Amino acid sequence: MTSRMFKFGVTAASACVGSVLASYTLDRWNSPHVVNNAVQRPPKRKRTLPPRADQIKSLMSGEEFDVLIIGGGATGAGCALDSVTRGLKTALVELDDFASGTSSRSTKLIHGGVRYLQKAILGLDFEQYRMVKEALQERATMLESAPHLTHPLPIMLPVYTWWQVPYYWVGIKCYDLVAGDRNVKSSYYLSKKDALELFPMLKKDKLCGAIVYYDGQQDDARMCLAVALTAARHGATVCNHVEVKELLKKDDGTGKQVLCGAKVKDHISGKEFIVKAKCIVNAAGPFTDSIRKMDNPTVKTICSPSSGVHIVLPGYYSPDQMGLLDPSTSDGRVIFFLPWQRQTIAGTTDLPCEITHSPTPTEDEIQFILNEIKNYLNADVEVRRGDVLSAWSGIRPLVSDPNKDDTQSLARNHIVHVSPSNLVTIAGGKWTTYRAMAEHTIDAAIKACNLKPERAEAVTSYLKIEGGQGWTPTMYIRLVQDFGLECEVAQHLAKSYGDRAFAVSKMASLTGKRWPIIGNRIHPEFPYIDAEIRYGVREYACTAVDMIARRLRLAFLNVQAAQEALPVIVDIMGEELNWSKDEKERQIKAATEFLANEMGHSVNRTSKERIPIKLSKEEIQTYIKRFQLIDKDKKGYVSINDIRRALKNFGDGDVSGEQLHDILREIDTNMNGQVELDEYLQMMSAIKTGDVAYSRFARMAELEEQKHEAANLKQKISVDRSGGGL
C-alpha cells in the first residue's frame, strides 16, 4: 500500500510540474494566433435575410464565385462565414439541411478535452497538447461570439477512491492552466457533503468527494444555423437541399486540370444547373471521402467514421446547472451526464460504423449508457428504460491513423489537404474548433487558388453570430413586458434567437386569453410557439424534419412530443410554403419515419414488444378485470370508442380525436387500431420492470376499477344499516 501511494504521489507531482513546464515551453514555441486589430472590419450585415428563392437565383446566375463550399455543417458554415467576411464571393451548398448530420448530434459541449490533455501529459504528446490548447482558446471565443446560444457549465467528477482525489485535482488544474487567461472559471474541490448538496442524485456509498471544472454548453444545431445565417447576412449565398452531382474541371493553361465548378441539383425544385467557382472547399464531414472520389476516384480514404449515441432522459435525473463526468466506464470510454434544455443528456458511445445519411441508435448502445449511469446514481433514482425520451446517433468524421486500429485512440484534430486539382479538403476536428478550422481552410484556399481577398486575415474571432449583437441576460423580461409572452416562452426565445427574438415575437398569434396575450404553444409540455414555425421558414426550413429537428429541438428532446406536434407544425408550414394536402401528408410521413429511425422512436417501441410478461397470478387477474371493465361490450378488445367513453366518465369529454389516437398508439403494439388483452398485460409488465415509464391507458383502467368498486360499495351499504341519516 505504501509503495503504491509513493508511486501515486510521484506521478501526481510529476504530472503537475511537467504540465507547468510543458505549458510554458510549448506556449513559447506555439504562441496563439493573434488577430491584427488594424485589419479592416468586415462589412456591415444586411438588415434582412435574403429568402431561399433569392439564394437559389444567385446560385443559378452563372456568375463565378471565388469559393464554393460543399457541406452545411459546423465546418462548412464556418468556412462560408470566414470566406465572405474576408471579401470573397462565397457560395455554400448542403445536400440535406444545415447541421442535419453530425453537427446537430453532438454532446452539446464546447470543450478542450480533459481526456486528451491526460494523454498529452502522460504520453508527452505535443500534437494532443496543441489540439487541447487550440480548443480551449476557441471555447472562449465561442462563448463570446454567441452568448445567447452558449453558456459555461460546471461538470462534476465524483471520486470514490480517496487516493484519486489529488490525482484528478492535479489533472483538472492542468486543464485550467492550459486555458490560461482564456479559462472559463476555475475548478474546485468539493467535500462529500457539498457534492451531495449540489448533486443530490449522486450515489453516496464510498463517495470521497468531487472535483468540479467548467466547460461550455451550446445548442449545436441552432449554433450551426446561426453561423450560416450570419454568412448569408454578410452576402454569402447559402443553400440547403442542394446536392453536388459532379465536379467540373478545366485546363489552367499549363496542361494541368483544375476544378472550376460543380453541377448541382436543387431537391426542392428539382432543377439541375452549373455553379462556377475558382476554388472548391470540401467540408462534407463524414462524406468527405465521397467528394474526394468525385475529384479523383482512385484516392485513398482519410476518414474513419465512429458512431456516438446519446440518449435524453427527464430533467429530474440531474440538477439544472451541474453536469457529471464518468471518467472510466466499464470499457474505458468517457460518459457525460448533462442538463440540457430542461432535460438530461447522457452519452456517448464510440464504435466504428458505416457511413450513412440516416444513422440509427441501437438497443445495445442505449442499454450500455443506462447501465453506466446507474453506477453513479443513488438507489432512490431508478434508471428506467421507459424514461428514454429520445435517442440519436451521430457519425464523427475522425481522421484515421493507419498505425492504430481502434477508434478510441483517434484524435479529434483536423487536417487541411489540397489535391492536385485544387480541391481543398478540411477533415476531422470537432465542434469547438470549427472557427479555427475554417480559418486554416480559407488560408489554404487563398494560397492554393491564388484568390484575392479584401482582407488577408480572418476577422471571425471578434464577430458576433446571428442574434448575439443585442442580446443581454435579462432581454427576456422585455419580451414579457412588451409582447405579453409567458416567462418560460420568453426565456426560450431569448436563448434560441438572441436579439432576433423580437422579430419572432411579432409573428406570434393572439391566444384569446387574459394571459399570455400572444404565443400559442405547439405542444403543452414545451415552450415552442406558432411564430417559430413561421420564422423557421424564413430561416430556410424546407421540410417538417428541418423544423422539428433543427429550427426547434423537439425531436431531440422528446420524440413522442414531436410526433404529437407534427400536425400543427405541418399545417403552419403548409400556409407559409403553399403545400397541398398531398404534400402535407408526405411531410408527416417523412417526419414520422425520421422520428422512428433516427430519433429512437422505433427502437423504443421494439424494446417494449420484446419484454416478456412477468406478472403474478394475482396481478394478471387484477388487470384482466380492469380490461373487462373498459371493454363493456365484451368484444375481447378495447376500441377507441371504449377509450372515449371511459374518459367521459372522468369528466374528460373534450379530448380530441388525435389525443384519443395517441392514447391508443401507446399500447397498440401491433398497430391494428385496437388494444388486445395481451398488449395490455405486456404494457403493465413493462411498467412494473421500468421499461415503460407511464401509460395513460393503464391509469385510465386503474381509475375505471376504482370507480366500479366505489359503485359496488354504495349498493352494498343500505341507508338503514348505515344509521339512516346524518
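Strands β4 (residues 150-159) and β12 (residues 323-326) run parallel and are joined by two bridges. Strands count as paired if DSSP finds at least two bridges between them. Helices (H or I, at least four residues) and strands (E, at least two) are DSSP runs, numbered from the N terminus. The model is predicted; local features need pLDDT of at least 70, side-chain atom pairs count only at pLDDT 80 or more, and totals for chains, interfaces and linings use all residues. Residues are numbered from 1 along each chain as its sequence is written, and side-chain values use heavy atoms, with hydrogens and water left out.

M156 has L324 of β12 as its bridge partner. β12 also pairs with strand β13 (residues 335-340), here in the antiparallel sense and over three bridges.

Strand β2 (residues 90-94) is mostly covered, with five of its five residues buried. T90, L92 and E94 point to one side of β2; A91 and V93 point to the other. β2 has parallel pairings with two strands, β1 and β7. Strand β1 (residues 64-70) pairs with β2 over four bridges. Within this pairing, I70 stands opposite V93. Strand β7 (residues 237-240) also pairs with β2 over four bridges. There, T237 of β7 is the bridge partner of A91. β1, helix α3 (residues 74-85) and β2 make a right-handed β-α-β unit. A crossover is right-handed if, with the strands pointing away from the viewer, the path from the first strand over the helix to the second runs clockwise.

Helix α15 (residues 530-538) is mostly covered as well: seven of its nine residues are buried. These are D530, A531, E532, I533, Y535, G536 and V537. The buried residues of α15 pack against α8 (220-233), α13 (487-497), α14 (501-505), α16 (544-551) and α18 (559-577). Contact here means heavy atoms within 4.5 Å. Y540 follows α15 and has a positive phi, near 75°.

Y623 lies in helix α21 (residues 617-630). Y623 counts as buried because its relative accessible area is 13%. Not counting residues up to four places away in sequence, Y623 touches L615, Y680, L681 and M684. Y623 and M684 are 61 residues apart along the chain, and their C-alpha atoms are separated by 8.1 Å.

A search of the whole structure finds 10 aromatic pairs. One of them, Y167 with Y168, is edge-to-face, at 5.6 Å centre to centre and 65° between the planes. Another, Y316 with Y317, is stacked, at 5.3 Å centre to centre and 20° between the planes. Rings of Phe, Tyr and Trp (its six-membered ring) pair if their centres lie within 6.5 Å; planes under 30 degrees apart count as stacked, over 60 as edge-to-face and the rest as tilted. The relative accessible area of Y167 is 23%, so Y167 is partly exposed. Y168 counts as buried, at 17% relative accessibility. Y317 is buried too, at 0%.

Charged side chains also lie over ring faces. K203 sits over the face of Y160, at 5.3 Å from the ring centre. R553 lies over the face of F556, at 4.5 Å from the ring centre. The criterion requires NZ of Lys or CZ of Arg within 6 Å of the ring centre and within 35 degrees of the ring normal.

Over the chain, the secondary structure comes to 25 helices and 20 strands. Of the 726 residues, 55% are buried. Among contacts with a separation of 6 or more, 72% are between residues 24 or more positions apart. The chain exposes about 31,900 Å², of which carbon and sulfur atoms supply 52%. Accessible areas come from the Shrake-Rupley method with a 1.4 Å probe; for residues, only the protein chains shown count as cover.

Terms used:
Buried means under 20% relative accessible area, exposed over 50%, partly exposed in between (1.4 Å probe, protein chains only).
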